[in-house]
Each structure stands twice: as C-alpha cells, then as structure tokens.
Amino acid sequence: MQTKTAPNNYPKQQKTDWEQVRAQFNLGKEYIHLAASQFLASHPKPVREAIDRYRQALDQDPELYTQEQENDLMQQAREAAARYFGHPEPDNIAMTDSTTMGLGTIYAGLGLSKGQEILTTEHDHYSHHESIRGATYRTGATYRRVPMYENLSEVTPEEMVEAIMNAIQDQTRLVGITWVHSSTGLKTPVAQIAQAIARLNQSRDEDHKVLLLVDGVHGFGIERETFQELGCDFFVSGCHKWTYGPRGTGLVAATTQAWQHVTPVIPSFTEVMDVVIAEEERPSQMDGKQMTPGGFHSLEHRWALTQAFQFLESIGKEQVWERVHYLNRLCKEGLAAMPHVTLHTPLSDELSAGIIAFEVEGYSTQDTVKHLLHHKITCTAAPYRTSYARFTPGIYNTPAEIEKALEVVYAMK
Ligand SMILES: Cc1ncc(COP(=O)(O)O)c(C=O)c1O
C-alpha cells in the first residue's frame, strides 16, 4: 500500500517543453479545446495517478487507510496550496469542493447584523450574488451592487478602484468582488483595491473595518500574485479550473483576523479531533481547519490536490503566466483585427487573464458556440444575462490551435 504522497519530484524546466506539458493531459484529439478551463479541468497525469493510487488504497482498507492517512494527506494538500499561493500560514486555508462552496461557507458564516451592508458589483457570478442575498436575508443586513466601470472598452484600474471606494459607506462591512470576470474576461485590480480599503480602515475600529472578499477562481493558477500581495481578507477559489486540480476541490485562504469574523455552517470534524474530543462548542480561535466543511469527503480527490500544485510549480508560475497570456494575446489580437467581430476583453495583460469574450456579427452567442463546435472547436456561452461567447486558452493549447480557431471565426463573415 502506498502510504505517503510522492515528493515534489517534478524539477522546474529551464525552457518549457509545451508539447510535453500538453502530453500530460488526456484531452481528446477530435476537438481543439478552447474552453477546457472554464468549467472543469482535465486532470494532468500526476493528478490522475495520485487519485488512482489513493482510490486503490481506500478501496483496499478504507477504515485503516482513512484513520492512518486522512489528516496527514489533507495537511500536505493544505501546505502545497499555501506554498503555491505564498500564504505564510497553511492552517489559514480551508478546503472546500468548489468556489461556490467557499462563497456559501463564508457568507453564511459571516457575523452580520441589521444596519450593516455588503457591497458587491454588477459583474460577479450568480453563486456570489446568491450567497450574499442569502446572508443578508437571514441577518437583516442589506446589500448593494454597483458597476465598476462605465465603458468596458475604456476601463482603467484607477476607475475600478474609485468605483469601489466611492461606493463604500459607513455601514459597509464587506466588499465582495471577482478577480477575473467570467462575463467579459476583465481582470480587476485586487491589490490596489485592498490597499485603498486598508487606508480607509485605519480610521475604523475592528468591528467596523471593511473586509475584502475575492472570488479568485479565474485568476488562480494563471496569475502570479501571492495571497499577501493581493492583500484581501478572504480569497475564494475552486481548484478544478486553472489549477488543474481534481474535480470537486477548492479552497478559501484568509488571514487569522478575518477567520475570527466567521462561524462554521457545516462543522469541521476529522481534522480538529482535539476540539471534538474536548466537546468545545466554538473554539476560541477560528482558522481554516475549523472552517473546512466537515464530514468525510471524496478524499482521493482532495488529497491529490498536492500533485496539482506540484505540477504547476514544476512548470513554474512565471512560465504558466507567460504562456497563458501569450496564447490569449495571440487570440485576442486576431479577433480584434476582424471587422465582423467585437472583442469585449481588454488586450492588456494588466486587465485580462485567460478568458476572451467576443461576439460575431450576424450570429447569436449560442449560434457562435454551435458553429465553432461544428468545426471541432470548443467554446462556451457565458451564463449571464448579457452573454458573450468565450475562448479560454490554457497551457495545453498551442499557437497553431489558436490560428485554426481564428481561421474558423474569420470565415464567419
Ligand atoms: C467567476 C466565477 N465564480 C464562481 C464560479 C463557480 O465555480 P465552481 O464550479 O468552482 O463553484 C464560476 C464558474 O465558472 C465563475 O465563473
């Protein structure tokens, strides 16, 4: 029986062999996969192998293996996440199943009262807005949604910072934003917003400080900023999109102080046995372990998160950033040059990451997706009231695939 995770045995490559990276994924050859990181990732080889290994061990001796390994392997996954994300305190990371579970966990557990409000924007995902709506409905607090810009084609980081700061009021307890909007591909200046809020908080006492929560799922795994550089209080993400982690994995990273403002909705269990045995009702010090929704999980998937972070580190954070931005730029420049295409995502690296939102004249978004699929190119329709077609080129794509997709879009004129 395999009892320990493999060590970090993927040496960093000096010059990345992208063919080799692509070969780690079992992506079907029939399609050009330009939507693979949007919903659920394909597992790269080290992740597939780790899942198989843990599954076999669990099937063989479930009770023994779980007792013997659960906390060790979960802690290794937490530490791998902390190392990858530059979080200095692994125990301040809660493990979840998805971005949605992370958002629900934080908003439902947040200490809010009547007279306080949550400020959010018009650009966030349905799970984010619904988590806020539920939290305010239950507590009597209120929420407001504001736009972050007037005109997407002219948006600047300064305009977005100003939009948030101007909207904060005395009663604002938390600001909930999204790092990369999945409706348009716009990347928001999280660090600048966090710095502006920190300045404002200097004149507020602890219970009235404005907390910053970020849905980071479409930046996590592409962008290079560490948790500390982003400077938010809560960072919520799935790990099954751009981090290529096992399906059904996610995390919430937070600061020690931020964790003190939430209470678990689903109690933690196996990882906090000392608290369980002492029958403590609410530990005096909350952290990511306490805030990990409890019960036994699909453990072979959670544990194999370690291999997902190791896989990304083996390629290198800088190399991944460069490759994803390079492929996205290639695709966006091609689309922007076509008179019958409206590119909605900004071209600049500062204002975009891995999502490209566009429209083709004479085609509805659904028809664009269908047309591309007919030509064996995958693409998604954004699930928003204003819905654009989206490409999401990732590390397994090649410049030739982007060229091919551009040819098909060009021929739609
Ligand atoms: C911005 C954003 N947040 C949250 C989600 C939900 O992600 P998950 O499947 O991890 O819950 C999505 C889905 O793609 C998304 O685009």
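**A look at the core**

Guide: In secondary structure, the protein chain comes to 15 helices and 13 strands. Please keep in mind that this is a predicted model. The C-alpha atoms fill a box of roughly 70 × 60 × 35 Å along the principal axes. A compact globule of 413 residues would have a radius of gyration near 22 Å, and the 22 Å of the protein chain agrees with that. Buried residues make up 48% of the 413 residues.

Now to the core itself. The largest nonpolar core has 109 residues, and the members that touch the most others are A81, L212, V214, F234 and V252. Helix 3 (residues 62-85) gives the largest share of this core, nine residues. Both domain 1 (74-312) and domain 2 (317-410) contribute residues, so the core lies between them.

Setting aside neighbours within four places in sequence, V214 is in contact with I177, W179, V190, L230, C232, F235 and V236. Across the protein chain, 73% of the contacts with a separation of 6 or more join residues 24 or more positions apart.

Finally, step back to the two domains. The C-alpha centres of domain 1 and domain 2 lie 28 Å apart. Their contact takes 17 residues from domain 1 and 20 residues from domain 2. On the side of domain 1 that touches domain 2, eight residues are nonpolar, six are polar and three are charged.

Methods:
Residues numbered from 1 in each chain as written. Predicted model: local features only at pLDDT ≥ 70, side-chain atom pairs only at ≥ 80, totals over all residues. Domains from an automatic or database assignment. Contact = placed C-beta atoms within 7 Å. Nonpolar A, V, L, I, M, F, W, Y, C, P; charged D, E, K, R; others polar. Core = buried A, V, L, I, M, F, W, Y, C linked by C-beta atoms within 7 Å. Buried ≥ 20, exposed ≤ 12 C-beta atoms within 10 Å, placed from the backbone. Helix = DSSP H or I, 4+ residues; strand = E, 2+ residues; numbered from the N terminus. Rg over C-alpha atoms; globule rule 2.2 N^0.38 Å.
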